[in-house]
Amino acid sequence: MKRVAILMAALLAAISVFAGLTLPPRRRILPSSSDGTIPGILHIHTTRSDGRGTADEVAAAAARAGVSFIVFTDHGDATRTPDPPVYRSGVLCLDGVEISTTGGHYVALDMRAAPYPLAGEPRDVVDDVRRLGGFGIVAHPDSPKAELRWSDWNAPFDGVEWINPDTSWRVHAATGWPSRFRLLEGCFTIRSARPKR
């Protein structure tokens with residue numbers, strides 16, 4: 001009888017430890033602005049591809065800027081298993097991928113790893129992302145670089161990146177001195193107040 005009680009206690013302890021380790025983290029509500037929006041950045045590269053900062057460095061910079069969430073979209077073919085969502089420096093970090101197609105770049109989110117490299121025709125990549133359970137966004141559709149600009153507007157994509165800072169500075173830099181001056185002025189403008197969290 002004593003042996004059964006010890007075995008039951010050990011089994012309950014093992015179940016408790018297993019449950020504690022596998023339960024999802026406590027749900028957190030992202031803080032919103034007065035207009036109900038949540039400040040975040042969709043399209044960020046890290047040192048995993050052609051970015052300059054690590055995920056931790058980018059998250060720390062985002063926290064200093066008052067951003068609540070960021071989406072890493074390093075270049076890839078979607079065969080890498082995405083990292084699970086995690087908070088770094090108080091910023092929710094999501095992991096996506098930017099896929100190169102023959103007609104521009106496509107950002108895939110919330111998708112399991114692809115069983116084969118995704119690339120080729122835009123419509124095929126859009127279909128693959130959807131079939132793998134992902135959500136796809138046309139990246140920098142108005143880029144001044146032809147190889148980055150989206151071309152297949154008939155593909156059934158889920159969203160379009162409306163603003164891309166990289167594209168914006170390239171457009172400003174290429175459209176004459178008044179625009180270049182505004183770009184330079186923006187680089188030296190100091191924010192007077194940080195957004196409240």
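Started with Thr101, which I found in strand S5, residues 97-101. Keeping in mind that this is a predicted model, I checked its cover next. Thr101 has 10% relative accessibility, and since buried means under 20%, it goes down as buried.

Then I looked at what the Thr101 side chain does. A polar atom of that side chain lies 3.0 Å from the backbone nitrogen of Gly103. The side chain of Thr101 also reaches the backbone oxygen of Gly104, at 2.6 Å. Leaving out residues up to four places away in sequence, I noted that Thr101 touches Tyr106, Gly120, Glu121, Pro122, Val125 and Trp150.

I placed Ser143 in the loop between strand S7 (135-138) and strand S8 (159-160). Is Ser143 buried or exposed? I got a relative accessible area of 1%, so Ser143 is buried. Its side chain reaches the backbone nitrogen of Lys145 at 3.1 Å.

Last stop was Leu12, in helix H1, residues 2-22. Here I read a relative accessible area of 53%; the cut-off for exposed is over 50%, so Leu12 counts as exposed. Which residues form a nonpolar patch on the surface with Leu12? I listed Val4, Met8, Leu11 and Ile15. Together with Leu12 they have about 480 Å² of accessible area.

Methods:
Residues are numbered from 1 along each chain as its sequence is written. This is a predicted model: local features need pLDDT of at least 70, side-chain atom pairs count only at pLDDT 80 or more; totals for chains, interfaces and linings use all residues. Side-chain values use heavy atoms; hydrogens and water are left out. Patches are made of residues with over 30% relative accessible area and no salt bridge: like charges are joined within 9 Å, nonpolar side chains (Val, Leu, Ile, Met, Phe, Trp, Tyr) within 5 Å. Accessible areas come from the Shrake-Rupley method with a 1.4 Å probe; for residues, only the protein chains shown count as cover. A salt bridge is a side-chain nitrogen of Lys or Arg within 4 Å of a carboxyl oxygen of Asp or Glu. Helices (H or I, at least four residues) and strands (E, at least two) are DSSP runs, numbered from the N terminus. Buried means under 20% relative accessible area, exposed over 50%, partly exposed in between (1.4 Å probe, protein chains only). A polar contact is a pair of N or O atoms within 3.5 Å; within protein, one must be able to donate a hydrogen and the other to accept it, and residues adjacent in sequence count only if both atoms are side-chain atoms. Contact means heavy atoms within 4.5 Å.
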